[in-house]
Amino acid sequence: MSFLKSVLNDSVIIHPPGFYIIAFPTLPFISVYIIFLAFVYVVTVMFNCLVIFTITSNRCLHTAKFLAVVNLAVIDVILNTSTIPAMIKIFLFKDNFVPFNLCLVQMFVYYSFGTLESFALAVLAYDRLIAICFPLRQNSINTLRSMSCIVGLCWCFALSICAFSVIIMTRLSFCNSLNVFSYFCDYTPVFRLACNDYTLQWFVASVLTFLILGGPFGFIFLSYIIILVTVFGMKSIDSRVKALGTCVEHLIIVAIFYIPLITIFSISFYMKYTDPDRSLLSLSLASCVPPCINPIVYSLKTKEIRTRTLALVRKYKLSTDQYRKACLRVLAITVCLECKVANDR
């Protein structure tokens, strides 16, 4: 096997041609799980693209709240695209080799958009906080411009820290096993294969995990404490119910994203032994299922999106019916002309 060697800080850095992804080696019914993932991916792309198209094509939905929803939908599509097609390719073509540079690219994309997913939920919590706690000043505080700035800062921060964490992986030498026991080029399983010191990579992974999950979750938790204090300070029960009703869809997607991840990390931390296949299965479900469910929740629970989506469907159906009728008219005219020509002959 040929290796690419480069010199960094007077030490030889050995980069392999690539890695072999070893995912679910002993998991029964793996074909059923791959079919399920294919279904999840199709639903993710279809529903998120529907949400994006519905919001971008209706000017009345060009508000701060729906900018945050579009941001989440874009992140969901890219997040699942970074892993599911590769998993399906490994199963269908039995090709589990990933070139070194492509492995780093997949690592960067997955963790960047996983980070952005967590931040996007915090941005939506901010939108609910302003809408409920400052209803009279909402339009002046939470403007489209301010929301664009917040979303842009989240993207810059997430891409920067993930780029740094991936760049330092190039300082590691890989001279032993190249088998990555995960369902993609995962950060921790890859740096553990290194034959030189990976303390820096371990430290960055630990700090960023706490920052990416704990930071946004803490902000969401504090936001809802403030929201509850504000809601229970309202005199009218109807106003309380209405205010809390606007938070339902956000609470659902927060629970879908954070509860499985917190449960998985807690079990792996406190239990001495866990089945590797079950851990990988749980982690893959925790990362692949939320992007599939998020657009469905927002489509069903958000009245504006639901109404506009139904209007688009009716418009498409009406245009299809009109096109069909026009085709039938043309066909009927053509048949009549042919019959007239035949009679004249």
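The legends below describe close-up views of a predicted model.

View 1. The unreviewed UniProt entry gives the feature "transmembrane region" at residues 30-54, 66-88, 108-126, 147-169, 202-231, 251-273 and 279-300. Two of these segments are described here. Over residues 108-126 the model is 100% helix and 0% strand, with 27 Å between the end C-alpha atoms. Residues 202-231 are likewise 100% helix and 0% strand, and the C-alpha atoms at the ends of this stretch lie 43 Å apart.

**View 2. Helix α1 and its buried residues.** Helix α1 covers residues 30-56, a run of 27 residues. From the first C-alpha to the last, α1 reaches 38 Å, close to the 39 Å expected at 1.5 Å a residue. Which residues of α1 are buried? They are Y33, I34, L37, V40, V43, T44, N48, V51, I52, T54 and I55.

View 3. Rolling a probe the size of a water molecule over the atoms shows where empty space is left. The second largest pocket has a volume of about 530 Å³. Its lining is made up of 23 residues, and those closest to the pocket centre are K65, R128, A131, Q138 and T246. Helices α2 (64-81), α4 (100-133), α5 (138-141) and α9 (237-245) each contribute at least two lining residues. By type, the lining holds seven nonpolar, nine polar and seven charged residues.

View 4. Strands of a sheet pair through backbone hydrogen bonds, either parallel or antiparallel. Here three strands make an open sheet in the order β4-β3-β5, with mixed pairing. Strands β4 (97-99) and β5 (179-180) are the edge strands, each pairing on one side only. Strand β3, residues 18-21, pairs with β5 in the parallel sense over two bridges. Within this pairing, I21 has V180 of β5 as its bridge partner.

View 5. K94 sits in the loop between α3 (84-93) and β4. What is the phi of K94 near? The angle is near 55 degrees, a positive value in a residue other than glycine. Is K94 buried or exposed? The relative accessibility of K94 is 64%, so K94 counts as exposed, the cut-off being over 50%.

Note on methods
Residues are numbered from 1 along each chain as its sequence is written. This is a predicted model: local features need pLDDT of at least 70, side-chain atom pairs count only at pLDDT 80 or more; totals for chains, interfaces and linings use all residues. Side-chain values use heavy atoms; hydrogens and water are left out. UniProt positions are given in the numbering used here, feature names are shortened, and annotations may be inferred rather than shown by experiment. Helices (H or I, at least four residues) and strands (E, at least two) are DSSP runs, numbered from the N terminus. On a 1 Å grid over the protein atoms alone, a cavity is a set of points where a 1.4 Å probe fits but cannot get out, and a pocket is an open set with protein on both sides within 12 Å along at least five of seven lines; lining residues have an atom within 4 Å of a point. Grid points are joined across faces, edges and corners, and a volume is the space filled by probe spheres set on the points. Ala, Val, Leu, Ile, Met, Phe, Trp, Tyr, Cys and Pro count as nonpolar, Asp, Glu, Lys and Arg as charged, and the others, Gly among them, as polar. The expected span of a helix is 1.5 Å times one less than its number of residues. Buried means under 20% relative accessible area, exposed over 50%, partly exposed in between (1.4 Å probe, protein chains only). Two strands pair if DSSP finds at least two bridges between them.
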